Amino acid sequence: MGYPPSTARQRRSLWLEHLRRPGWRAVTWLDSADVMLGIAYGYAGSPGQWWYDEVRRGLRDAGPMAQRWLLDYFELTELHIRPDAQGHGLGEGLLRELLAGTDRARVLLSTPEYGDHPPGRAWQLYRRLGFVDVLRDHRFTGDFRPFAVLGRELPLDPPTLLTR
């Protein structure tokens, strides 16, 4: 995601806090030499969590239909694939495995807006899997970048088979 190496040190306590949240789940993809190629994790979102409160603030004027997204959702907190492993279906595989194990009615995530650039692989994955806009151009407290909040009802549709 373009973060400096120091970010892992700074976010360590946050990740440890996430481990203790209800519904926490994680999946990883290892290659044949046990090198991690990707990771995804998340948990059950609920009032009082920073992300929930930030999204609720953003949806405040959007009406009750928008607010329903915050009921019974799984928060996809992190999904990362090493750049040299992207484009081979690992992100979709991790996302499917992660979400298959949740009993929540929907999934929500936030991702940086792409602005004037074409959408990247993450955006393409989310759109292909049916994620829709919940909130656009949202500014989280403490981050100057605009973010999109995307959501989807669960379960995911079965994967489609590609024919050649």
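Buried means under 20% relative accessible area, exposed means over 50%, and partly exposed covers the values in between, all computed with a 1.4 Å probe on protein chains only. By that scale Arg 127, at 35% relative accessibility, counts as partly exposed.

The structure is a predicted model, in which local features need pLDDT of at least 70 and side-chain atom pairs count only at pLDDT 80 or more, while totals for chains, interfaces and linings use all residues. Residues are numbered from 1 along each chain as its sequence is written, and side-chain values use heavy atoms, with hydrogens and water left out.

Helices (H or I, at least four residues) and strands (E, at least two) are DSSP runs, numbered from the N terminus. Strand 4 spans residues 106–112, and because five of its seven residues are buried, strand 4 is largely enclosed by the rest of the structure.

Two strands pair if DSSP finds at least two bridges between them. Strand 3 (residues 73–81) runs parallel to strand 4 and is joined to it by three bridges, with Tyr 73 having Arg 106 in strand 4 as its bridge partner. Between these two strands the chain passes through helix 4 (residues 90–100), and this β-α-β crossover is right-handed, a term which applies if, with the strands pointing away from the viewer, the path from the first strand over the helix to the second runs clockwise. Strand 4 also pairs with strand 6 (residues 147–153), here in the antiparallel sense and over seven bridges; Leu 109 has Leu 150 in strand 6 as its bridge partner.

## Salt bridges

A salt bridge is a side-chain nitrogen of Lys or Arg within 4 Å of a carboxyl oxygen of Asp or Glu. The structure holds 15 salt bridges, including those in the table.

| Salt bridge | N to O distance |
|---|---|
| Glu 17 and Arg 21 | 2.5 Å |
| Arg 104 and Asp 103 | 4.0 Å |
| Asp 133 and Arg 127 | 2.5 Å |

Arg 104 is partly exposed at 25%, and Asp 103, at 68% relative accessibility, counts as exposed. Asp 133 is partly exposed, with a relative accessible area of 37%. Salt bridges that share partners join Asp 133 and Arg 127 with Glu 113 and Arg 136 into one network.

## Aromatic rings

Rings of Phe, Tyr and Trp (its six-membered ring) pair if their centres lie within 6.5 Å, and planes under 30 degrees apart count as stacked, over 60 as edge-to-face and the rest as tilted. The structure holds eight aromatic pairs. The rings of Trp 51 and Phe 140 have centres 6.4 Å apart and planes at 25°, so this pair is stacked. Trp 51 lies in helix 2 (residues 50–59) and Phe 140 in the loop between strand 5 (132–138) and strand 6, so the pair ties together parts that are 89 residues apart in sequence. Both Trp 51 and Phe 140 are buried.

The rings of Tyr 52 and Tyr 73 are likewise a stacked pair, because their planes lie at 10°, with centres 6.4 Å apart. This pair links distant parts of the chain, with Tyr 52 in helix 2 and Tyr 73 in strand 3, 21 residues apart, and both Tyr 52 and Tyr 73 are buried. Ring pairs link Trp 50, Trp 51, Tyr 52, Tyr 73, Phe 140 and Phe 147 into a cluster.
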